Amino acid sequence: MQQITLNVQGMSCGHCVNSIEGNVGKLNGVESIKVHLDTAKVDVLLDPNVISLKEIKAEIEDQGYDVV
């Protein structure tokens, strides 16, 4: 397992949290995800043998948020 923290811009409310945690959390290879609105960060625990960081970033960006 690999722990990563992403800086994500555009998150402002509970819907944002539910959207990101719900959609990314369903991806095969994502063990856990936690959104921190106050710091604009997203912690992800993933299995790099199953899913890539690029795929996770793409899922977040597909929802309208910017991973910086």
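In E3, Asn7 has Lys41 as its bridge partner. Helices (H or I, at least four residues) and strands (E, at least two) are DSSP runs, numbered from the N terminus. The model is predicted, so to speak of local features we need pLDDT of at least 70, while side-chain atom pairs count only at pLDDT 80 or more and totals for chains, interfaces and linings use all residues. Residues are numbered from 1 along each chain as its sequence is written, and side-chain values use heavy atoms, with hydrogens and water left out.

**Exercise 1.** Work out in which order the four strands form the open sheet.

*Solution.* 
- Start with the pairing rule: two strands pair if DSSP finds at least two bridges between them.
- E1 and E3 run antiparallel, joined by six bridges.
- E2 and E3 are antiparallel too, with six bridges; here Ser32 stands opposite Leu45 in E3.
- In the hairpin of E2 and E3, four residues sit between the strands, and Ala40 takes a positive phi near 60°.
- Put together, the order is E2-E3-E1-E4, with antiparallel pairing.
- That leaves E2 and E4 (66–67) as edge strands, each pairing on one side only.

**Exercise 2.** Find out which residues have the most contacts inside the largest nonpolar core.

*Solution.* 
- A nonpolar core is a set of buried Ala, Val, Leu, Ile, Met, Phe, Trp, Tyr and Cys residues joined through side-chain atoms within 4.5 Å. Buried means under 20% relative accessible area, exposed over 50%, partly exposed in between (1.4 Å probe, protein chains only).
- The largest such core has 19 residues, and Val8, Met11, Ile20, Val42, Val44, Ile56 and Ile60 have the most contacts inside it.
- Strand E1 (2–9), helix H1 (14–25), strand E2 (30–36), strand E3 (41–46) and H2 each give two or more residues to this core.
- H1 provides the largest share, four residues.
- Now zoom in on Ile56: beyond its neighbours within four places in sequence, its contacts (heavy atoms within 4.5 Å) are Leu6, Val24, Val30, Val44, Leu46 and Ile51.
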